[in-house]
Amino acid sequence: MIDIGANLTNSVFTDDLGEVLNRAKREGVQHIVVTGTNIQESQYAIALATKHGAYLSATVGIHPHNADDVKSDWLDTLEELTSSPHVVAVGEMGLDFCRNYSGRDAQRQVFEAQLDLAARVELPVFVHDRDTDGEVLAVLRRYAPTKCVVHCFTGNSDELDGFIEEDFYIGVTGWICDERRGEGLRRLVDRIPIDRLLVETDAPYLLSRTMSKVLGTRRNEPAYLKFVIAELARFRRCPESVIRDASVENACRFFDIELPV
Ligand SMILES: [Zn+2]
């Protein structure tokens, strides 16, 4: 299993990251992509990937929530960060009209500048899309990135069809484990082409209520990726091994990750 999206730079992991990584390894997680959400967290993501060698990779980017807070030189700094050999994608980038923590115009500007950057440095893009009613899809169609993953997909069927048409990858999180919130996603997941399917925890977020009760914690972590895979297998009516194998192969192809033999 490869967790393609974990916010391991989050301060809830400061005290026991070593244990979190060990638990992930014990559960069969072979690699984790640590997501950057602003300049500082992106630097920290690279530092973690540097420290943990082959087990972690990093993305560097500005999450739409943080679009209002960028400094004037943010794009140059981000471009410098992309030169690290541990960086496998630019992002999180995108639009979030659910929470609107940043103004929409700032979100759009910062998103598009990162799409330009990713094309310039030839890295895949890692996209966050929440309640944008097709706007993220429209922007992506204009920029046509060579490699794109829409992480934590929670959109509608038109958006999914659009992303699939553009040959983008789709990241599925524990959203699918949630009976109420995940209902729409559960109906859609069998339409994702098996060679475009990626799995992720989005830790420490998105541990479903059901799992939270069973595990006695609200903090999600990469070791729980198996629950996402189990639900995907259930709703695609296939063995879990099919999801596990395909998602590992897809993640290696997408991020250019080489697993140690
Ligand atoms: Zn996100």
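1. Among contacts in the protein between residues at least 6 apart in sequence, 72% join residues at least 24 apart. A contact here means two C-beta atoms, placed from the backbone, within 7 Å. The model is predicted: local features need pLDDT of at least 70, side-chain atom pairs count only at pLDDT 80 or more, and totals for chains, interfaces and linings use all residues. Residues are numbered from 1 along each chain as its sequence is written.

2. Overall build. The protein has 10 helices and 8 strands. These are DSSP runs numbered from the N terminus: helices are H or I with at least four residues, strands are E with at least two. The radius of gyration is 17 Å, close to the 18 Å from the globule rule for 261 residues, so the protein is as compact as a globular protein of that length. That radius is taken over C-alpha atoms, and the rule is 2.2 Å times the number of residues to the power 0.38. The C-alpha trace spans about 45 × 40 × 35 Å along its principal axes.

3. Burial. Of the 261 residues, 49% count as buried. The cut-offs use C-beta atoms placed from the backbone: buried is 20 or more others within 10 Å, exposed is 12 or fewer, and partly exposed lies in between.

4. Strand 4 and its partners. Strand 3 pairs with strand 4 in the parallel sense over 3 bridges. Val60 has Val90 of strand 4 as its bridge partner. Strand 4 also pairs with strand 5 (residues 125-130), parallel, over 6 bridges. There, Asp96 is bridged to Arg130 of strand 5. Pairing requires at least two DSSP bridges between the strands.

5. Crossover. Strand 4, helix 4 (residues 104-121) and strand 5 form a right-handed β-α-β unit. Right-handed means that, with the strands pointing away from the viewer, the path from the first strand over the helix to the second runs clockwise.

6. Helix 2. Its 13 residues (39-51) should span 18 Å, and the end C-alpha atoms are 18 Å apart, which agrees. The expected span is 1.5 Å times one less than the number of residues. Buried positions in helix 2 include Ile39, Ile46 and Leu48. Their cover includes strand 2 (31-34), strand 3 (56-60), helix 3 (74-81) and strand 4 (87-96). Just after helix 2, Gly53 takes a positive phi of about 50 degrees.

7. Ile257. This residue lies in the segment after helix 10 (240-255). Ile257 is partly exposed, with 17 other C-beta atoms within 10 Å. Leaving out residues up to four places away in sequence, Ile257 touches His31, Ser57, Val88, Ala251 and Cys252.
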